[in-house]
Amino acid sequence: MSVSKHPNIRRLLHQYHDGLTALEISERLELKPDSVRNALQAMPDTYIDRWKVIYHEPPSAVWCAVIPPEDCPKPKSK
């Protein structure tokens, strides 16, 4: 069984408030870029903030993670 990459990706994105591309995340966490892209798409608290254009390369999505406020109300249980 594989270990979820979500907590490590989330922690990293919280450190980089301006966001990171999937390639930058994969380099910092030493993960495969495709694994990072799949994880980001499955995480409900991550989003594409903007696109980074590098000369002669396709645009890269810059991902950010939502940081919920400390006083965020929790759902009431039934």
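Biologist: In this predicted model, what makes the link between the side chains of Asp45 and Arg10 a polar contact?

Modeller: The distance does. The two side chains come to 2.5 Å. A polar contact needs N or O atoms within 3.5 Å, a donor facing an acceptor, so this pair counts.

Biologist: Where does Asp45 lie?

Modeller: Asp45 lies in the loop between H3 and strand E2 (46-52).

Biologist: Why is Asp45 called buried?

Modeller: Its relative accessibility is 16%. Buried means under 20%, so Asp45 counts as buried.

Biologist: Which residues is Asp45 in contact with, leaving aside neighbours within four places in sequence?

Modeller: They are Arg10, Cys64, Ala65 and Val66.

Biologist: Now the core. Which residues have the most contacts inside the largest nonpolar core?

Modeller: Ile9, Leu13, Leu20, Ile25, Val36 and Leu40. The core has 13 residues.

Biologist: What does Ile9 touch, not counting residues up to four places away in sequence?

Modeller: Ile9 touches Ile25, Leu29, Val36, Ala39, Leu40 and Met43. In soluble globular proteins, nonpolar side chains tend to be buried together.

Biologist: How much space lies in the largest pocket?

Modeller: About 220 Å³. Its lining has 13 residues, and the closest to the centre are Thr21, Ala22, Leu23, Arg37 and Ser60. Helix H2 (22-29), helix H3 (33-42) and strand E3 (60-65) each give two or more residues to the lining.

Biologist: How do the lining residues of the largest pocket divide?

Modeller: Into 6 nonpolar, 3 polar and 4 charged. Arg counts as charged, so Arg37 belongs to the charged group.

Key:
Residues numbered from 1 in each chain as written. Predicted model: local features only at pLDDT ≥ 70, side-chain atom pairs only at ≥ 80, totals over all residues. Heavy atoms only, no water. 1 Å grid on protein atoms, 1.4 Å probe; cavity = no way out; pocket = protein on both sides within 12 Å on 5 of 7 lines; lining within 4 Å. Points joined across faces, edges and corners; volume = space filled by probe spheres on them. Helix = DSSP H or I, 4+ residues; strand = E, 2+ residues; numbered from the N terminus. Buried < 20%, exposed > 50% of the residue type's maximum accessible area, 1.4 Å probe, protein only. Contact = heavy atoms within 4.5 Å. Core = buried A, V, L, I, M, F, W, Y, C linked by side-chain atoms within 4.5 Å.
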